[in-house]
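Please look over the sequence and the model shown here before reading on. The report that follows moves from the whole chain to particular elements.

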Amino acid sequence: MMKFKLLIILAGTILLNGCVKEPKPLYNWDGYQTTVYQYYQQTETGPQEQIQALKKNLEMSKAKGLSTPPGLHAHLGLLYSTTGAIDLAMQEFNAEKSLYPESAAYMDFLMKNKGKVK
């Protein structure tokens, strides 16, 4: 009788283990890492294409109900600053700062220097 109970518990555990769903990711990384890589490699992809890729990532994040990854708004702000769209850059730096308060010192530095990294 004891072996039967143990067998039932073991079978139940195996069945329940198979039903466990994979946890929902915290952030939507779609395309973000590729865009950052392209930025640092200075590939044929220019700032405008990278901006469009990051904006698409933001839209996908909203559609999937996922958070924006740390650094995405800051990187988008840097891209805007390289194209001369300082107002848009400041909006993105402020968005990064509000979503990730630990980035405040760096965002303040970027805002003070209009997105120019010295």
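## Overall layout

Helices, in the sense used here, are DSSP runs of H or I with at least four residues, numbered from the N terminus. Read in that way, the chain follows the pattern α-α-α-α-α-α along its sequence, and its secondary structure comes to 6 helices and 0 strands.

The chain has 118 residues, of which 31% count as buried, and it exposes about 8400 Å², with carbon and sulfur atoms supplying 62% of that area. Among contacts between residues at least 6 apart in sequence, 55% join residues that are at least 24 apart.

## Confidence in the model

This is a predicted model, and its pLDDT averages 84 over the chain, with 88% of the residues scoring at least 70. Confidence is lowest in helix H1 (residues 2-19), where the mean is 68, and highest in helix H5 (residues 86-99), where it reaches 96.

## Helix H4 and its cover

Helix H4 is mostly covered, since 10 of its 11 residues are buried. Among them are Leu 72, Ala 74, Leu 76, Leu 78 and Leu 79, together with His 73, His 75 and Tyr 80. The cover over the buried residues of H4 includes H2, helix H3 (47-64), H5 and helix H6 (104-112). Just after H4, Gly 84 takes a positive phi of about 90 degrees.

## Where H2 passes H4

The axes of helix H2 (residues 32-41) and helix H4 (residues 72-82) come within 11 Å of each other and cross at roughly 40 degrees, and the crossing of H2 with H4 is left-handed. On the H2 side, Tyr 32, Thr 35, Val 36 and Tyr 39 take part, and they meet Leu 72, His 75 and Leu 79 in H4. The residues of this contact divide into 5 nonpolar, 2 polar and no charged.

An α-helix has 3.6 residues a turn, so residues three or four places apart point the same way.

## Lys 114 after H6

Lys 114 lies in the segment after H6.

Leaving aside its neighbours within four places in sequence, Lys 114 is in contact with Ser 81, Ile 86 and Met 90.

Methods
Residues numbered from 1 in each chain as written. Predicted model: local features only at pLDDT ≥ 70, side-chain atom pairs only at ≥ 80, totals over all residues. Heavy atoms only, no water. Axes fitted to C-alpha atoms, helices over the stretch in contact; angles between N-to-C directions. Helix = DSSP H or I, 4+ residues; strand = E, 2+ residues; numbered from the N terminus. Left-handed = near helix turned anticlockwise from the far one by under 90°. Contact = heavy atoms within 4.5 Å. Nonpolar A, V, L, I, M, F, W, Y, C, P; charged D, E, K, R; others polar. pLDDT = per-residue confidence, 0-100. Buried < 20%, exposed > 50% of the residue type's maximum accessible area, 1.4 Å probe, protein only. Areas by Shrake-Rupley, 256 points an atom, 1.4 Å probe, with all protein chains shown as cover.
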